[in-house]
Amino acid sequence: AAIRGNHLYVIPHEESLDAAQFFGECSDRNVRIIGIADGVDSAAPQGMMSYGLRALFAAQYSRDLALKTKRGMRGAARRGQATGGRTYGLASEPIVEGGRIVGHRLVHNEAEAVVVRRFFEQFVGGAGYSNLARALNADGIVPPRPGKRRPGWCGDTLRAMLSNPIYVGRRVWGKSEWRVNRDPTLRSTRLPRAVALGIGGALGL
């Protein structure tokens, strides 16, 4: 959105209930809404109805697109293809058929796979998570997702990786899903799914 003078220019549409509330708040403050993409104008005689209908259609389109995306990812998972995300020790390689990319497969990233084998062997030998992390950091090995707060390896990261079934050749898809909370005062949550799709495959490192 952008404000020019006492006009508020709005590009996206939200869910219908949020849109109605937003429209009402703008109207109460005598703020005019103009949709750049669709030409909605709150000052027009049917402005409120036009804005609400477009918001409803936009919300439905967004939901339909999400369902299609999930269906496509589930199909890719059943075919043993990559479904996104980054797994340390593995890389995504395009699958080309008829001159076009039809999906991606997971393959070993040997430079990282060596590290995975190392801490699995050391863990089996009795090393704890903290000791494993200290040894990896001492050798200057870059962790999967270095951050400002935790630039190096930590015990929690290794605990999660050692319990990841993909490292023993078993992929699981659909175990949980993110739900975004539209209330900015509440956090988004990761909810467990009722059914997980287990995918076999020789991906063990």
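**View 1. Met 49 sits in helix α2, residues 47-78.** Helices here are DSSP runs of H or I with at least four residues, strands are E runs of at least two, and both are numbered from the N terminus. This is a predicted model, where local features need pLDDT of at least 70, side-chain atom pairs count only at pLDDT 80 or more, and totals for chains, interfaces and linings use all residues. Residues are numbered from 1 along each chain as its sequence is written, and side-chain values use heavy atoms, leaving out hydrogens and water. Met 49 counts as exposed because its relative accessibility is 53% (exposed is over 50%, buried under 20%, partly exposed in between; 1.4 Å probe, protein chains only).

**View 2. Met 49, Leu 53 and Phe 57 make a nonpolar surface patch of about 340 Å².** Patch members have over 30% relative accessible area and no salt bridge, with nonpolar side chains (Val, Leu, Ile, Met, Phe, Trp, Tyr) joined within 5 Å. Areas are Shrake-Rupley values with a 1.4 Å probe.

**View 3. Here's the largest nonpolar core, with 17 residues.** Such a core joins buried Ala, Val, Leu, Ile, Met, Phe, Trp, Tyr and Cys residues through side-chain atoms within 4.5 Å. Tyr 88, Val 115, Phe 119, Leu 136, Trp 153 and Leu 158 touch the most other members.

**View 4. Zoom in on Val 115 and its contacts.** Skipping neighbours within four places in sequence, Val 115 is in contact (heavy atoms within 4.5 Å) with Tyr 88, Leu 136, Ile 141 and Trp 153. A second, separate core has 7 residues, including Phe 23, Cys 26, Ile 33 and Ala 55.

Technical notes:
Patch = residues over 30% accessible without salt bridge, like charges linked within 9 Å, V, L, I, M, F, W, Y side chains within 5 Å. Salt bridge = Lys/Arg side-chain N within 4 Å of Asp/Glu carboxyl O.
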